[in-house]
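User: I would like to learn how to read salt bridges and helix packing in a model. Please take the general idea before each case.

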Amino acid sequence: MGVAEEGKTPRRRRRFSKGLQEQEIAEEMGQKENYRHELREAIRQLRDRGLYTAAKWAAEQLVGLEEEERPVTPSPAFIRTDRGSSSSSSRRERRPRAGSHELLRGGGGGGSSYSTPLVGRSHVAAMAAEYETPVFQETEVEHDRYMLAKAYFDTREYRRAAFMLRDTPGKKAFFLRCYSLYLAGEKRKEEEAIELEGSLGKNDTVNSDLPVLAQELSSSQKNGTLDAFGMYMYGIVLRENGHNTAARDILVKSVDAYPWNWSAWLELQALCMDISTLNSLELKDHWMKDFFLASTYLELQKNNEGLQKYAKLQEVFPFSEYILGQIASGLYNSREYDQAENLYSDMLRYDPYRVDGMDIFSNILYVKESFASLSHLAHRVFSTDKYRPESCCIIGNYYSLKGQHEKAVLYFKRALKLNKNYLSAWTLMGHEYVEMKNTPSAIDTYRRAVDINPRDYRAWYGLGQTYEILALPNYALYYYRQAAHLRPDDARMWIAIGNCYDSGHLEMFDAAIKCYLLALRNNDNEGIAMHKLAKLHSYLKHHDEAAHFYKMNLERMEKEHNDGPEMMDALYYLANYYKHRKDFEAAEMYCSRLLDYGGPGNTKSVPCQRR
């Protein structure tokens, strides 16, 4: 009897384990179904209010969820006879994933469950009821006026839209009227800027509608009549008026009340200038918060944290191209160029008409000097949409790689005419001016980039380089330090600071050594810091330290099969070092290796060999 009971126990455990697995699968499917209903409702509400960027983002995440098992006939343009069946499951397998990189595997357990609360259909129904169009509850005439105003808005007749809604009640009509006024003021501001200084000139033009909007929105906020969308609009106005702390507070309230507005999250992200500000935000738990944190981590150059967040999000949204693009961007920031290039290539294979994020892909191809691939990418985006800022930036990178810097500047300027706040174009144009030895224009261009986004370390670094060219090391140090503050784990920043201290103008050698050591601790893959430390210690007669770093650099070059002049310097120094220490066997070994090289290194080895 006891033996029989023992035999039944494992079977019971297996049944229990199987039941748990089935329950977990059911919960995961229910969770994704909840997300799907939330996103569908959010897309409708965002689109109704003219928030098309947020609606597009929500739609991308909706498609990024695991596809429902239903027959879908693919477009003939995407049917490929060499890829097997065109069923739903086969198309899912073709979607690119980004889970193989080591940065994406760390920092979290398995499974796709979240600590944020699940939101069921009942909450979606409540959300729809709360943010449903209030004008539907009014007269049909008022509803007709709203639809006409929305038609004006869609055709960019913003003042007509605002005027049409001047007496229409309801929070939805109030938001669209305020949003229309804001966009009308922004449109007029751009027109005045072009009239005064040209499309790229500096000017003091402001949105003349901001004071009226600030007064009206402030009054509604005090009365407690602002909904989440009204608070989003109020946050924008406060930011434009320079009240960043108040803008942060009101945007936090907005995303807490309605977390599906990605545009509100982006406005909040722009106000998080450092990690301490981000950590101080008191945000309610919701899965949209994870998207915000991941994006902000990347923006603040916390790439490992951002990539780990996106790895968790990708378990729930396995086919999200937005997440894939963000992971590729994070890998680019981490200088994992091969991994990033593979992801961008996969994205283009799945979505051949994509332009979003392809400017970063062009930067990778530029760094890797992939002429053919960059040329192909430039032709692709030119034929897809040549009047996108990203397209102009990609073509500018192509001409820069060919050494045609004037043409590159022309395309970067064209990108800025399309979007004056397009950060990449300002920074890359600054690089071109440096190549052209046009330092005044380079300084002005980099400063414009820093004004747009003070977190752009590339612009700070470019300013440091420009002032270093002008032999103004104190100015260069200031800008390099700003870049190092933003990228403390980037060896290039510390090497640049060390070069300034090491220069003939300052000769602060102890400070230079500290900076080179910091670069060494932060994965100086190119060995620049090692060589600098060896030469500097040699100059200061610190022979043991110099020999140590020359040996380190020699081992690195041997591993990489790099037979450059630095190897000859290391061999010659080490041969002399051991000769003076009476270790003739080691000295002869280094001299013999030095004889394998031609040129000056060969003649240097002769006295060693004779001795």
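Analyst: A salt bridge is a side-chain nitrogen of Lys or Arg within 4 Å of a carboxyl oxygen of Asp or Glu. In this structure, the side chains of K189 and E186 form one, with 3.5 Å from N to O. The model is predicted, so local features need pLDDT of at least 70 and side-chain atom pairs count only at pLDDT 80 or more, while totals for chains, interfaces and linings use all residues. Residues are numbered from 1 along each chain as its sequence is written, and side-chain values use heavy atoms, with hydrogens and water left out.

User: How many salt bridges does a search of the whole structure find?

Analyst: The search finds 32. Some are joined up: E41, R44, D48 and K172 are linked in a network of salt bridges.

User: Why are K189 and E186 separated by about one helical turn?

Analyst: Helices are DSSP runs of H or I with at least four residues, strands are runs of E with at least two, and both are numbered from the N terminus. K189 and E186 are about one helical turn apart because they lie three residues apart in helix α8 (residues 171-197).

User: Are K189 and E186 buried or exposed?

Analyst: Buried means under 20% relative accessible area, exposed means over 50%, and partly exposed lies in between, using a 1.4 Å probe and protein chains only. Both K189 and E186 are buried.

User: Which parts of the chain does the pair K368 and D338 link?

Analyst: The side chains of K368 and D338 meet in a salt bridge at 2.6 Å, N to O. This pair links distant parts of the chain, 30 residues apart: K368 is in the loop between α18 (358-367) and α19 (371-385), and D338 is in helix α17 (residues 337-350). K368 has 32% relative accessibility, so it counts as partly exposed. D338, at 48%, is also partly exposed.

User: How are two packed helices described?

Analyst: By the angle between their axes and the distance between the axes. Axes are lines fitted to C-alpha atoms, for helices over the stretch in contact, and angles run from 0 to 180 degrees between N-to-C directions. Here α19 and α20 pack at about 150°, with axes 9 Å apart. That makes α19 roughly antiparallel to α20; angles under 35 degrees count as roughly parallel, over 145 as roughly antiparallel, 65 to 115 as roughly perpendicular and the rest as oblique.

User: Which residues of α19 and α20 meet?

Analyst: Contact means heavy atoms within 4.5 Å. Among them, F371, L374 and F382 in α19 meet residues in α20 that include I394, I395 and Y398.
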